[in-house]
Amino acid sequence: MKKKIESPAELTRLQSELKGRIDPAQPCIAICAGTGCMAYGTQKIVDRFREEIQARGLEGQVAFRTTGCHGFCEKGPMVVIHPDRIFYQRIGIDDVPEIIEKTVLGQEVIERLLYKDPVTKQRIVHEHEVPFYGRQMRLVFGSNGLIEPTSIEDYLAIGGYSALAKAIGGMAPQAVIDAVITAKLRGRGGGGFPTGWKWDATRKAEGDPKYVICNADEGDPGAYMDRSLLEGNPHSVLEGMIIGAYAIGSSHGYIYVRNEYPLAVKNITLAIEQARDLGLVGENILGSGFSFDILINRGGGAFVCGESSALFASIEGRAGEPRAKYVHATDKGLYDKPTCLNNVETWANVPLIIDKGADWYAGIGTENSKGTKIFSLVGKINNTGLVEVPMGITLREIVYDIGGGIPKGRKFKAVQTGGPSGGCIPEAHLDSPVDFDELTKLGSMMGSGGMIVMDDRNCMVDVAKYFLAFLEGESCGKCTPCREGILQMRKILERICQGEGRMEDLDTLQWMGQAIADGSLCALGGSAPNPVLTTIRYFRDEYEAHIKDKKCPAGVCKALITFSVDPEACTGCRACARVCPTEAATGKKKEVHTIDAAKCIKCGACFEACKFDAIKIA
Amino acid sequence: MSEMVTLTIDGRSAQAPAGTTILEAARGLNIDIPALCSNQELTPYGACRLCMVEITHGKRTRLVASCIYEVQEGLVVRTETERVNNVRRLVIELLLSRNPKHPRLLAIAERLGVDKSRFEVEVKGCILCGQCVRVCREVVGVSAIGFESRGTDRRISTPFNVAPVDCIACGSCAQVCPVDVIPFKEENGVRTIWKTNFELARCEKCGRYFAPMRQLAHFSRVTGLPLEHFTQTCVHCR
Ligand SMILES: Cc1cc2nc3c(=O)[nH]c(=O)nc-3n(C[C@H](O)[C@H](O)[C@H](O)COP(=O)(O)O)c2cc1C
Ligand code: SF4
Ligand code: FES
């Protein structure tokens, strides 16, 4: 398939031909080969499946796909067997022959490999019936499970590039922009800026060439949705960019992706080559006269390089430092030319809007936040993974219905949204909707989609300190409030955790937080105080406990806690004595144990080891 | 002559040519805005954040660095609001934690009503205003020094921390430094800067050491005139 497609109509013909080649009744094994699952050793299972299919001579009858991330990383390695979408989780190499024998050939379900609902204890057969997926709305991310990311044919067969054909074939550039404005799409990279307006401003700006850029720097700790999109469905991002370039009148694009994402780099590079071979990228796209090409720029992985002016500097070969310029990038961005920078997920939303219509898209979500958002749900939560939810869903639904609640029956304390400089939202606000403006009102933000769940064993002062330490390390150091301010805030928090806090520290922290936010040059410093400000706002009692009572209620800050054995609960099982690295926990078998405070280094190993809840932290 | 723009600063009407920064326009009205990283001869940098002012344009009110933000028709600027002063006080306290003694910083602190820094002091001297780096690159034209590392480890250094290859020992960096922390010494015909000794040329007429040989060689390279043209006599005796 090397011949260039010369018109939108020809593209449509190719799509139906490719679709026709797939027999919908044919069994297909789709195995998740996303980053999470690969870390569980999925490659060996993939190899085993291939061997088994070959050994049984099933090549023509059974399709086998290695797909991008399915999202439910907690339960990998996993396969979905089409057409029925039977879902097997935590499979091993030895399960492979049985899956083929019984399920693929024999239509029989293997109970053992099914997902068990932790609440109802019922085994669930089909992927779409698993509650983790049931409450999601996987418009952008859902195709990941259906296609091989390295196959443009797969993408075309599920209707990929239809939106491009529609835009180029029958819509004027301004009509495309108007559709994105009507859809009220807002940027998924953090700021939530209306995408259509940004496109419009870039289109109207003077200068040549104009650039469109995809921001795939994704530096938030624990976040991997952009990575999973680029790895699992690179053509959807590419299609969005080509449509954007057409609308804006741009001939040059860049994808700025961190070098630590080799598979994402590989898959998007291949996708661009495939699209170029078919005439979807390059000169005279689909015979329309419109030309557009894309380069990949690999970033060194600094968090601050995700900031727009730092990102431009980095592409231009200068140090990745934000520049204080009061000119919009849409007028003077990369190389001082009109530039439209959007996030990976933002671009991936574009084909949907064009394909299904702006009104359809605007029908999903809240008044001012439309469509869906992908979050990486991590922390103290049963179902970690990537979840895509409609805007407007409540945080409670995400945490409890999709996330399956808090492990070990512990108590929910807070959910942090918005990445390292987001805020911590308490139980009292769990019924708030996922919405750009609502999250901002709570002192947090949508950010790019990190969502970290915390339970009663997380100390909020310690959490604030942790995020500040991260941001301190990522600050470029150019401007005073961010460089020195975060450092000094962190030092104050450290003092509080040591039991040396003073009540006036809380006022100082709040005062500093406001001034750092107001005074910093870029949004890194501008948002860095959020974790401190929100934890003081919602968990002031915890700060006061550290300062006034010299206690850490969550039992985390080592200087403020002691470990002891509850004689009532201790059974003398010796579990604590066995794990204690300093021999502080001692006792005879079947007798009550003790902890020698002088030897105890407060590592918490005994607490984790005790099955009888006999270790008390106070 | 470029187009004139009318704006309001602290309730007073001001006129300034388009392209002027708010800081320059305010100085024209004798309004004092503290500033440490700005220098009229150099590209605006906007890093110390002392010169923040509050602006209202249309409906939006926000804080901007006046050393970079250019005047706009109808702009309303307020240079001393509570928010502005809070940022400035924080900045000066933070800078005092790196350099607690320099009279220039103490004077700014006093003007802002800050008597001392509440923060833990770790003396570094340099406040990272970047004037030295910019003067070397933009005025001298050699880029002998630059920033190294990031975040709180950020510092000014010569490439790889060794004797600077491109330095011509002109001393411009030491001269622009607002807190005088770049060591600069002249003794027995030798100028020492960036931990490196540079030989000085001696005037054949008056016998005084007048300029580093490296600097004169740089002049010769730039102008294409022979080296002797510069090295033999000092400007006074020429
Ligand atoms: C410190 C910092 C880091 C950022 N990192 C990212 C990032 O990794 N990915 C991203 O898309 N946007 C990031 N942004 C936001 C970008 O500056 C920019 O707003 C965004 O890419 C615009 O795209 P959007 O409108 O589609 O959201 C970051 C911003 C800051 C201040
Ligand atoms: S706010 Fe932080 S990251 Fe941004 S320019 Fe200032 S020092 Fe650099
Ligand atoms: S003088 Fe404006 S930021 Fe330093």
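These are my notebook entries on a predicted model with chains A and B and a ligand.

**Entry 1: chain A, the split into domains**

I started with how chain A is divided. The assignment gives domain 1 (22-130), domain 2 (160-362), domain 3 (372-455), domain 4 (460-547) and domain 5 (562-617). I then picked the pair of domain 1 and domain 3 of chain A, whose C-alpha centres lie 29 Å apart. Their contact uses 6 residues from domain 1 of chain A and 7 residues from domain 3 of chain A. I also sorted the domain 1 side by class: 4 nonpolar, 1 polar and 1 charged.

**Entry 2: ligand 1**

Next I went to ligand 1. I count 23 residues around ligand 1, and the closest are A:G187, A:G189, A:G306, A:N343 and A:T346. Which domains of chain A does the shell around ligand 1 draw at least three residues from? I got domain 2 (160-362) and domain 4 (460-547), each giving at least three.

Going down to elements, β10 (339-343) and α21 (523-527) of chain A each put at least two residues into the shell. Strand β10(A) gives the most, with 3 residues. By class I noted 12 polar, 7 nonpolar and 4 charged residues in the shell around ligand 1.

**Entry 3: A:Y361**

I wanted one residue to look at in detail and took A:Y361, which sits in helix α15 (residues 358-362) of chain A. Is A:Y361 buried or exposed? A:Y361 has 24 other C-beta atoms within 10 Å, and the cut-off for buried is 20 or more, so A:Y361 counts as buried.

Leaving out residues up to four places away in sequence, I found that A:Y361 touches A:A183, A:L352, A:I353, A:K356, A:K370 and A:G371.

**Entry 4: strand β11 of chain A**

I moved on to strand β11 (residues 372-379) of chain A. This strand is mostly covered, and I see 8 of its 8 residues buried. I then looked up the strands that pair with β11(A).

One partner is strand β12 (residues 385-390) of chain A, antiparallel to β11(A) over 6 bridges. Together β11(A) and β12(A) make a hairpin, with 5 residues between them. Another partner is strand β15 (residues 450-455) of chain A, which runs parallel to β11(A) and is joined to β11(A) by 4 bridges.

I followed A:S376 through both pairings. A:S376 stands opposite A:L386 in β12(A), and A:S376 also stands opposite A:G450 in β15(A).

**Entry 5: where chain A meets chain B**

How many residues of each chain are in contact here? I have 25 residues of chain A against 25 residues of chain B. On the chain A side, the elements that give two or more residues are α18 (460-474), α19 (480-497) and α20 (503-519). The largest share comes from α19(A), with 8 residues. By class, the chain A side divides into 10 nonpolar, 9 polar and 6 charged residues. I worked with residue counts here, though the size of an interface is often given as the accessible area lost when the parts come together.

**Entry 6: chain B, overall**

Chain B has 7 helices and 11 strands. Its C-alpha atoms fill a box of roughly 65 × 50 × 30 Å along the principal axes. Of the 238 residues of chain B, 37% count as buried. Among its contacts between residues at least 6 apart in sequence, 51% join residues at least 24 apart.

**Entry 7: chain B, a sheet and a helix**

Last, I traced an open sheet of 5 strands in chain B. The order is β2-β1-β5-β3-β4, and the pairing is mixed. Which strands are at the edge? I have β2 (12-17) and β4 (60-65) of chain B, each pairing on one side only. From one strand to the next, the twist averages 35°.

Inside the sheet I checked β3 (residues 52-57) and β5 (residues 76-78) of chain B, which pair in the antiparallel sense over 3 bridges. One pair I wrote down is B:T56 with its bridge partner B:V76 in β5(B). Helix α2 (residues 82-96) of chain B lies across β3 and β4 of chain B, and runs at about 150° to β3(B).

Note on methods: Residues are numbered from 1 along each chain as its sequence is written. Chains are lettered from A and ligands numbered from 1 in the order in which they are written. This is a predicted model: local features need pLDDT of at least 70, side-chain atom pairs count only at pLDDT 80 or more; totals for chains, interfaces and linings use all residues. Two residues are in contact if their C-beta atoms, placed from the backbone, lie within 7 Å. Ala, Val, Leu, Ile, Met, Phe, Trp, Tyr, Cys and Pro count as nonpolar, Asp, Glu, Lys and Arg as charged, and the others, Gly among them, as polar. Two strands pair if DSSP finds at least two bridges between them. Axes are lines fitted to C-alpha atoms, for helices over the stretch in contact, and angles run from 0 to 180 degrees between N-to-C directions. A residue is near a molecule or strand if its C-beta atom, placed from the backbone, lies within 6 Å of it. Domain bounds come from an automatic or database domain assignment. A residue is buried if 20 or more other C-beta atoms lie within 10 Å of its own, exposed if 12 or fewer, and partly exposed in between; C-beta atoms are placed from the backbone.
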